[in-house]
Amino acid sequence: MSLFEAVAILLAGVGAGTINTVVGSGTLITFPTLLAFGVPPVTANVSNNIGLVPGSLTGAYGYRRELVGQRGLVLRLLSASVIGAVVGAVLLLVLPEGAFEAVVPVLIGLGVLLVLFQPRISRRVTARAVRRAEAPRDRESAWVWPTVLGTGVYGGYFGAAQGVLLMGVLGIGVPQDIQRNNAVKNVLAGSVNLVAGVIFVVVADVDWAIVGLIAVGATLGGLLGARLGRRLPPLVLRTVIVVVGVVALTTFIVK
């Protein structure tokens with residue numbers, strides 16, 4: 001690994017940690033960066049997943065004030081995320097590498113589309129939150145738990161735009177404001193990365209140099225996302241993610 005590659009991966013980790021805390025699409029920054037430097041897809045995915053864990057934890061810690069009073073909700077949905085993460089990680093390890101290489105362009109494309117439509121999702125979530133103020137519920141809808149489970153499977157397998165998926169689910173199914181849902185999202189997405197990462201450490205091929213660089217960058221990014229991310233123009237973040245995602249898709253097509 002050259003100095004240029006190391007710096008690029010470190011900076012990608014900072015960007016991913018920040019974006020994961022605010023939006024939830026950081027993998028669309030780090031994963032294509034690793035592919036561009038010739039890292040095999042499965043190794044890149046595994047190493048990226050482990051490296052992003054510290055950033056997820058710092059992002060969740062940064063939103064700790066919004067988590068006050070949400071212990072019951074978090075514990076209920078955490079069980080779904082953990083089960084889903086185990087299933088997704090196992091699928092990544094047991095399916096042929098060719099299957100992952102075939103499905104990655106689809107997953108990246110899905111992630112890009114989710115980021116593009118995130119403003120529309122947010123508007124609908126806000127509208128529903130206003131309506132809930134008129135007719136509030138005591139807890140989440142029954143369909144939220146199995147949907148979070150499915151999101152955990154996706155996150156354990158790949159995870160790009162997992163946070164956008166979770167925000168859509170929580171925004172529609174959990175009767176509270178967006179910032180509190182974002183805090184729950186950070187905990188759930190972080191738990192998926194952590195559980196899948198533990199499995200990968202034990203049985204997968206991990207590039208620890210990549211893990212270290214992404215971990216340092218993502219930790220800083222998680223703190224930045226929690227403190228400053230709300231002030232960053234959403235259009236700028238989405239544009240960067242979409243551009244990187246399109247570059248990644250182009251790389252796969254050319255390959």
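**View 1. R71 in helix 4.** R71 has a relative accessible area of 68% and is therefore exposed (over 50%; buried is under 20%, partly exposed in between, with a 1.4 Å probe and protein chains only). The model is predicted, so that local features require pLDDT of at least 70 and side-chain atom pairs pLDDT 80 or more, whereas totals for chains, interfaces and linings use all residues. Residues are numbered from 1 along each chain as its sequence is written, and side-chain values use heavy atoms, without hydrogens or water. R71 belongs to helix 4, which spans residues 71–94; helices (H or I, at least four residues) and strands (E, at least two) are DSSP runs numbered from the N terminus. Between the C-alpha atoms of R71 and V184 the distance is 9.7 Å, although 113 residues separate the two in sequence.

**View 2. The chain as a whole.** Of its 255 residues, 51% are buried. Contacts (heavy atoms within 4.5 Å) between residues at least 6 apart in sequence join, in 85% of cases, residues at least 24 apart.

**View 3. N20 in helix 1.** N20 is part of helix 1, residues 3–22. N20 counts as buried because its relative accessibility is 18%. When residues up to four places away in sequence are not counted, N20 touches S25, G26 and T27, as well as L52, K185 and N186.

**View 4. S81 in helix 4.** The position of S81 is within helix 4. With a relative accessibility of 2%, S81 is therefore classed as buried. Its contacts, apart from neighbours within four places in sequence, are V148, G152, L188, S191 and V192.

**View 5. Helix 4 against helix 6.** The two helices, the latter comprising residues 144–157, pack at an angle of about 35° with 6 Å between their axes. Axes are lines fitted to C-alpha atoms over the stretch in contact, and angles run from 0 to 180 degrees between N-to-C directions. The residues of this contact comprise 14 nonpolar, six polar and one charged; Ala, Val, Leu, Ile, Met, Phe, Trp, Tyr, Cys and Pro count as nonpolar, Asp, Glu, Lys and Arg as charged, and the others, Gly among them, as polar.

**View 6. Helix 4 against helix 8.** Helix 4 and helix 8 pack at about 35°, and their axes lie 8 Å apart. Helix 4 contributes residues including L73, L77, S81, A85, A89 and L93 to the contact. From helix 8 come, among them, V184, L188, S191, V195, I199 and V203. By class, the contact of helix 4 with helix 8 has 19 nonpolar residues, two polar and no charged.

**View 7. Nonpolar cores.** A nonpolar core is a set of buried Ala, Val, Leu, Ile, Met, Phe, Trp, Tyr and Cys residues joined through side-chain atoms within 4.5 Å. The largest such core has 34 residues, and those with the most contacts inside it are F31, L34, V46, F100, I108, F158 and F200. At least two residues of this core come from each of helix 1, helix 2 (27–36), helix 3 (41–62), helix 4, helix 5 (97–134), helix 6, helix 8 (178–203) and helix 9 (208–228). A80, L166, V169 and V184 are included in a second, separate core, which has 15 residues.
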